[in-house]
Structure formats: structure tokens, C-alpha cells
Amino acid sequence: MAKIAILTTFAKFDPWYSLTGIVKDQARMLAEYGNEVFIFVNEKFGDADQLFLDPNCHLVKKIPFTHLHDYQNNESLSEEHQNIAQKTADVLLEQIQDLKIDTIFTHDFIFTGWNKPYALGIQKLNGKTPETIWLHWIHSIPSRFSDWWNMAEYGRGHKIIYPNATDRIRVAENYRTTTDSVRIIPHIKDLRIMFDFSEETCELIDNYPALMQADVVQVYPASSDRFESKRVAEVIKIMGAIKSCGHSVCLFIANQWATTQKHYANLLEFYELGRKYGLDPTRDFIFSSLFTVNNKQPYKVGVPAKILTQLMMLSNLFVFPTREETFGLVLPEVSLASGALCVLNKSLQMMTEVGGGNTLYFDFGSYTHNFEPANMDDYLKQIALIILGRMQENDSILTRTFMRKHYNYDNLFRYYYAPVMAEVRLHL
């Protein structure tokens with residue numbers, strides 16, 4: 001477990017200041033991955049809302065207070081701020097040694113003119129923290145070659161963190177260094193945080209990461225005694241066909257009333273069907289009623305509405321081949337929650353009315369219209385291909401899917417934070 005400091009000058013967590021959200025997200029992610037996190041704030045920091053903090057997350061009210069000034073290039077520090085620079089160096093060195101900090105993230109400490117005293121304080125530590133890596137976030141475009149923007153003054157183990165690769169050369173030039181000193185880590189923007197997902201929903205996602213990470217995600221509410229009329233088998237086959245085309249998938253069936261041995265046996269039969277068509281039970285094909293925590297199955301009767309809505313927000317596809325409905329509340333629910341591509345049953349004529357005629361419609365048969373293609377599996381494979389084609393032409397779905405998969409904190413920790421921290425440490 002690493003001991004990580006996040007340096008800020010916050011006097012409070014202002015909800016209107018975007019950087020406070022960035023720091024909260026970063027602290028939560030680092031703590032959830034087993035690190036001990038120390039959030040440094042101004043020594044006059046007021047009472048904090050501790051609700052977002054993990055037990056492995058601690059506030060440290062040690063950043064020296066001063067009335068700040070927006071220094072311009074080559075403007076000398078006032079006598080007061082010279083003292084603040086030295087005090088910053090002394091405090092940080094003491095805290096790094098006492099807390100055994102091995103990794104430090106700063107936020108605009110080496111960027112803005114307002115923070116120049118703190119930047120020069122960090123420069124005074126050059127060579128004094130040989131076992132610590134410093135990762136300096138820059139949150140705006142550098143474009144003026146300020147005098148304290150010189151990475152050589154900070155020493156070994158100091159790197160710039162920037163949220164896009166496009167501006168990497170510009171950043172390196174302004175800090176009088178090479179692109180090797182600029183590492184790219186995008187910002188966290190995670191549905192779980194944005195929409196304040198419940199602990200139960202987060203627990204489901206932790207246990208079934210494909211809900212967040214898969215290319216194609218469908219959440220399908222279906223009562224355990226109505227799998228046939230909801231055409232669960234057809235949905236399984238379509239998702240299996242999509243997976244066979246090289247896409248990762250997740251089919252989460254929120255099945256209510258799974259309370260009898262008959263229902264349990266029925267689920268196992270459908271799991272076997274999923275295996276036959278290439279789906280992996282409990283990994284990319286899930287029945288909510290079989291989710292077990294502390295030797296209990298909390299969702300045997302059904303998934304609570306709030307959790308179900310939050311899960312729907314992860315989806316980008318909703319295949320709804322239901323045999324009979326008067327309206328089908330789940331259709332507007334999943335559409336409003338996620339903007340998923342909806343695939344509806346043309347054979348059930350009211351579906352055109354309820355769906356507004358705005359999406360894909362295919363014949364699946366209904367209680368009033370029989371439909372039996374010569375080869376149902378081939379027919380469903382063709383539907384799967386059409387779905388993929390339509391999804392790849394829908395800019396909104398492509399963009400939202402990219403955002404869900406790429407900027408969630410699990411993905412960012414695995415592919416950015418952990419590798420950057422390990423690689424920079426290698427060169428200490």
C-alpha cells in the first residue's frame with residue numbers, strides 16, 4: 001500500500017470549484033485501491049464534509065496560510081511570501097518524513113501565479129526527498145514561460161501530469177523540459193460519482209465489472225416466471241452473437257420473484273443456454289437474484305427501483321422482444337436513464353406507438369402475430385449485426401460508451417495512475 005499525499009490550498013471544499021471535485025474523485029479512487037491518502041489543505045481549513053472520505057483518507061491541515069497574490073513572470077516574491085516559501089518547504093519535508101509519504105500529487109502548485117510561493121517552497125526541497133515521487137497536475141494551458149516554470153529547479157522524481165496528450169509538447173516547452181517529463185492522465189468522470197450511486201449499486205459493479213467496462217451492456221428487468229414471454233432466450237442469443245463478433249458484452253437480467261426451487265433450476269438452464277451461445281455466467285451474463293453477499297442473496301425478490309435505475313444508466317442497448325405488453329414501462333425508463341439503442345418487437349403492434357417509431361423494429365412474433373423464420377439462430381445473428389452497425393453509426397451512443405468505459409476510475413487507475421506511479425518511481 002502506497003502512502004500518497006494530495007497537495008491543495010483549499011480552505012474549504014467549495015462545490016462550485018471544479019478542482020475540489022477532481023481532488024475528491026482522485027482521493028476516492030486511490031483509497032479504494034488500497035492506498036493511504038493524505039489530502040493536504042490550508043492550515044485554516046474549516047470544518048469538512050467527511051462523508052466522501054474513505055477510512056484510508058485523511059485531511060492534513062498543514063499548508064501555510066497567506067494572503068495570495070497573482071505573481072507575473074519575473075516578479076519577485078514579497079518578504080512575507082519568501083517566508084511562506086521557506087515554511088512550505090519545512091512543513092512538507094517534516095510531513096513527508098513523519099507520514100512516510102512516497103508519492104505526492106500537487107494541483108496547480110507549480111502553475112498559477114497565486115501559488116508561486118508554494119512552488120518555490122517545493123523547489124527548496126530539491127534533492128531532500130529522494131524516495132518520493134512528485135506528480136504535478138497542471139489544470140490550464142501553459143502559455144507564458146513563467147520564471148518558476150522550470151522543471152530543472154524541482155529535481156529528480158518530479159513529473160508534470162496533464163489531462164491530454166495533444167498539448168504535451170506545448171507543456172514541455174513552457175516548462176523548459178522534454179516531453180519525457182510530461183505524463184498523461186485523463187480526469188475521472190465516473191457515473192457512480194456523478195449520480196451518487198448507492199453503496200449497493202457500487203457493490204454490484206465491483207462484483208460484475210463488465211457492467212462498467214463492456215462494449216455492449218444491456219440491463220433487462222424480467223420476472224422469473226415470465227422469461228418465455230419476455231423472450232430472454234432471444235436476448236441471450238443476440239448478445240452471444242454480438243460477443244462472437246469480437247465485442248465485450250454484459251447482459252444483466254434483473255429477475256424478480258426468484259423465490260422457489262423451480263425458479264432457481266430455471267435460471268441454471270438459462271445459464272447453460274448462455275454458455276452454449278458464448279456468454280460467461282456470472283461474468284458477462286448475470287441474474288440479479290443469484291448475487292451473493294455475506295452468504296445472502298439480497299435481490300431474490302427483485303432489485304430495488306433506485307438500484308435498477310442506476311444500473312440502467314450503464315447500458316447502451318435494450319433489446320425488447322417481449323411477446324405481450326400493454327405499454328412496457330421499462331422501455332421509457334431505460335431510454336430516459338441511458339439513451340440506449342432500443343430494439344423493439346415489430347410483431348407487437350403497440351410497440352411502434354409506445355416507442356414513437358423512432359428506433360429499430362424487428363419481427364419476433366407476438367400473442368397476435370406468429371413469426372417463425374426458417375432458421376431463428378441465423379435470423380438473430382443478422383439482427384445482432386444490424387444492431388452493431390447502427391450502434392457504430394450513432395454518435396451519441398459511441399460517445400457515451402467511450403466516456404463510460406474510458407473515464408471511470410477503475411479504468412484510469414489500471415491504465416494510467418498505477419503505471420505512471422510505477423514507471424516514474426523506477427527512475428528515482
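Modeller: A residue counts as buried when its relative accessible area is under 20%, and I apply that cut-off here to a predicted model.

Colleague: How many of the residues in the protein fall on the buried side of that cut-off?

Modeller: Of the 428 residues in the protein, 52% are buried, so each residue in that share has a relative accessible area under 20%.

Colleague: What makes β9 and β10 a pair of strands?

Modeller: Two strands pair if there are at least two bridges between them, and β9 (residues 249-254) and β10 are joined by three bridges in the parallel sense, so they meet that condition.

Colleague: Why are β8 and β10 said to stand at the edges?

Modeller: The sheet is open and has three strands, in the order β8-β9-β10 with parallel pairing. Because β8 (216-221) and β10 (285-287) each have a single partner strand, one side of each is left without a neighbour in the sheet. From one strand to the next, the twist averages 10°.

Colleague: Which strands does helix α10 touch as it packs on the sheet?

Modeller: Helix α10 (residues 305-312) touches β8 and β9, and its direction makes about 155° with that of β8. Touching here rests on contact, for which heavy atoms must lie within 4.5 Å.

Colleague: What share of the contacts with a separation of 6 or more joins residues 24 or more positions apart?

Modeller: That share is 69% in this protein, whose secondary structure comes to 15 helices and 13 strands.

Note on methods: Residues numbered from 1 in each chain as written. Predicted model: local features only at pLDDT ≥ 70, side-chain atom pairs only at ≥ 80, totals over all residues. Heavy atoms only, no water. Helix = DSSP H or I, 4+ residues; strand = E, 2+ residues; numbered from the N terminus. Axes fitted to C-alpha atoms, helices over the stretch in contact; angles between N-to-C directions. Buried < 20%, exposed > 50% of the residue type's maximum accessible area, 1.4 Å probe, protein only.
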